[in-house]
Amino acid sequence: MAWIKVVQESEATGAVKRVYEGGKVARIRQGTVGEIVKVFSLRPDLLEARVGFGTTMTFGGSGLGRFREELIAVSISAMLKCLF
């Protein structure tokens with residue numbers, strides 16, 4: 001859990017709600033938005049930029065295709081014991 005105030009999914013409105021529900025946010029544990037994303041929720045402009053940057057860097061930037069990119073991401077996450 002983040003130590004700073006964040007906007008939870010149930011409290012989200014406007015741009016924050018659109019980003020949370022937009023499908024580009026990584027979801028963990030029972031489909032909730034990850035805390036690493038929520039820490040940007042008090043600044044919707046930064047939240048949108050962070051999600052856009054993350055999506056661009058994670059998928060589509062390499063030319064490997066979505067399947068291979070996902071395979072690499074999952075393999076590295078497993079090796080690092082990452083929750084994402």
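The chain of this predicted model has a mean pLDDT of 84, with 89% of its residues at 70 or more. Confidence is highest in helix 1, at a mean of 91, and lowest in strand 1 (residues 27-28), where the mean is 62. Where pLDDT is low, the predicted coordinates should not be read in detail.

Helix 1 (residues 14-21) packs against helix 3 (residues 44-58) at an angle of about 20°, and their axes lie 9 Å apart. Because angles under 35 degrees count as roughly parallel, helix 1 and helix 3 are assigned to that class. The crossing of helix 1 over helix 3 is left-handed. Helix 1 contributes Ala15, Val16, Val19 and Tyr20 to the contact, and helix 3 contributes Pro44, Leu47, Glu48 and Val51. Of these residues, seven are nonpolar, none is polar and one is charged. An α-helix has 3.6 residues a turn, so residues three or four places apart point the same way.

Helix 4 is followed by Lys81, which has a positive phi, near 55°.

Terms used. Residues numbered from 1 in each chain as written. Predicted model: local features only at pLDDT ≥ 70, side-chain atom pairs only at ≥ 80, totals over all residues. Heavy atoms only, no water. Axes fitted to C-alpha atoms, helices over the stretch in contact; angles between N-to-C directions. Helix = DSSP H or I, 4+ residues; strand = E, 2+ residues; numbered from the N terminus. Parallel < 35°, antiparallel > 145°, perpendicular 65-115°, else oblique. Left-handed = near helix turned anticlockwise from the far one by under 90°. Contact = heavy atoms within 4.5 Å. Nonpolar A, V, L, I, M, F, W, Y, C, P; charged D, E, K, R; others polar. pLDDT = per-residue confidence, 0-100.
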